[in-house]
Amino acid sequence: MNLKEIYAKVDSILDTLDFGALFKGFHRYRFAVYDSREICLDGELIPYEDSFRGNTAKRYGEEYIAIWNIECSHEEDMEMLAYLLVHEMFHCHQWTKGETRFPSDFALLRYPDDSGNFTKKYNENRYLADACERCDFVMLQKFAALRAQRLAAYPGMVAQELRAETIEGMAEFIGLKALNAINGEKYASRVREYIGKLRAESRLLFDVRKISYYTGAMFFLCLDAMGRRIENNFQSELTVYEQNPVDTEGVEAQARHYDFIGREYAALMEEKEAKVAEHMAHASYVPCDALIVGYDPMNMFQVRDMVYCSHFVCLNENGQTKAINEAVLLVLAGESERGVCGYYI
C-alpha cells in the first residue's frame, strides 16, 4: 500500500472510536504517516520535512499531531497501526494539557547497577503479571508493597520509573483500550504478550524506560478491570501511580532470588563496552562544545561519560543545530547530562 492508502484505511478505523470514552476529555488529533520522501497528512501528500523523526507526537504549526514512520516501523496490520497512533495521539493530549511529569531520559541512562533493586523490580513485575492475568487484588497489593519498598530504598530512580509510566504507560493504556474497541481478539493477544514480557527472564528488565510502557499499561488496565476509575490530573505533580494508590497495609511480599539477573546484567554491560570500543576503533574524534537537543531514547545507552546513539542525534553548537543521522558516540562534558565536548563518528 502507498501512503495515501495507509492513511485512508487508518482514518476509517479511527472514525469508529469514541475517544472521550477512552479517557475523559480526550479527542482525536490529526495524524500523519510518512517515509523518507513524502508525508501523508489529512489524506494529502506533501514533501518530506526533516522535522519528522520517529513515531511520536510533534508540534506542527499551532497544534500537536501524531506521526508514524512507515519505513522504520513498518506495520502491515492497519488495525494495529490505528491503535499505535492512538498511543501517539494521547501524547498529543498530554502536551496540550500542559503535562510536566516527564522522566529524565538521561537520568534513566544512568540507572544504577544495583542487583537488589533489579531483583525486587523483577518480583514486582511477576506480581503485576499475576494480578492482571487473574484480576487478583491480593497480587496487586503485593506488587504495590514491593514497589513501596523500592521507592523507600531508591527514591530518585523509582521516581523516574513512575514518571515514565505516567507518560508512556498511560499512553499505551489508552492505546490498548482503543485496540479492544477495534478488535477484541487482537487486544487480548497484546495483553497476553505484555504479561509475558513482565515474566520473561530477559534483558528487558534492565531497560527501565522501555519496560515502563508495560508496567504502567498493565497496572492501569488491572485497575480498570477491577472497576477503579483511573485518576490522571495533568496539573498535579503526583504521577498517575501516586494518584491511584493501592492499599498495602498488613501486606507481605517476598522477593525471590533469580540467577538470570546477575548473569544477564553482567553480559549486557560487557556487550555495551565492546560496542563502544569497536565504534571508537573505527571512528574519528570531533571536538565540540554542544548540547544534545534531539535524540531517540529507545536506541541509546550510556557507558561511563559516553552516550552511544545508534540511529541519530541532534546537537546544537553556537545556536546552530546539526543532525547526525548515523551511529555516533558522544562524550559528555563533566557531570552534564546533555553537554557534549566531542563525539566519535
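Buried, as used here, means under 20% relative accessible area, while exposed is over 50% and partly exposed is in between, with a 1.4 Å probe and protein chains only. This is a predicted model, where local features need pLDDT of at least 70, side-chain atom pairs count only at pLDDT 80 or more, and totals for chains, interfaces and linings use all residues. Residues are numbered from 1 along each chain as its sequence is written, and side-chain values use heavy atoms, with hydrogens and water left out.

View 1. (Helices are DSSP runs of H or I with at least four residues, strands are runs of E with at least two, and both are numbered from the N terminus.) Is Leu162 buried or exposed? Leu162 has 2% relative accessibility, so it counts as buried. Look for Arg101 too: 61 residues separate it from Leu162 along the chain, and their C-alpha atoms are 9.1 Å apart.

**View 2. Cysteines without a partner.** A disulfide is a covalent bond between the sulfur atoms of two cysteines. The rule used here asks for a pair of cysteine sulfur atoms within 2.5 Å, and the count comes to zero disulfides. Cys92 sits in helix H3, residues 78-96, and is buried, at 0% relative accessible area. From Cys92 to Ala283 you go 191 residues in sequence and 38 Å in space, C-alpha to C-alpha. Cys288 is also too far for a bond, because its sulfur is 7.0 Å from the closest cysteine sulfur, in Cys341. Cys288 is buried as well, with 12% relative accessibility.

**View 3. Rings that pair up.** A pair of aromatic rings is described by the distance of the centres and the angle of the planes. Rings of Phe, Tyr and Trp (its six-membered ring) pair if their centres lie within 6.5 Å; planes under 30 degrees apart are stacked, over 60 edge-to-face, and the rest tilted. By this rule there are 29 aromatic pairs. One of them joins Tyr34 and Phe52, edge-to-face, at 5.6 Å centre to centre and 75° between the planes. Tyr34 is in strand E1 (residues 31-34) and Phe52 in the loop between strand E3 (44-47) and strand E4 (56-60), so the pair ties together parts 18 residues apart in sequence. Tyr34 is buried, at 1% relative accessibility, and Phe52 is buried too, at 1% relative accessible area. Now try Tyr111 and Phe118: their ring centres are 5.6 Å apart and their planes at 40°, so this pair is tilted. Tyr111 is buried at 9%, and Phe118 is buried at 2%. Ring pairs also link Phe19, Phe23, Phe26, Tyr29, Phe90 and Phe234 into a cluster.

**View 4. Arginines over rings.** A charge sits over a ring if NZ of Lys or CZ of Arg is within 6 Å of the ring centre and within 35 degrees of the ring normal. Where does the charged end of Arg53 sit? It sits over the ring of Phe312, 4.9 Å from the centre. Arg147 lies over the face of Tyr241, with 4.6 Å to the ring centre.
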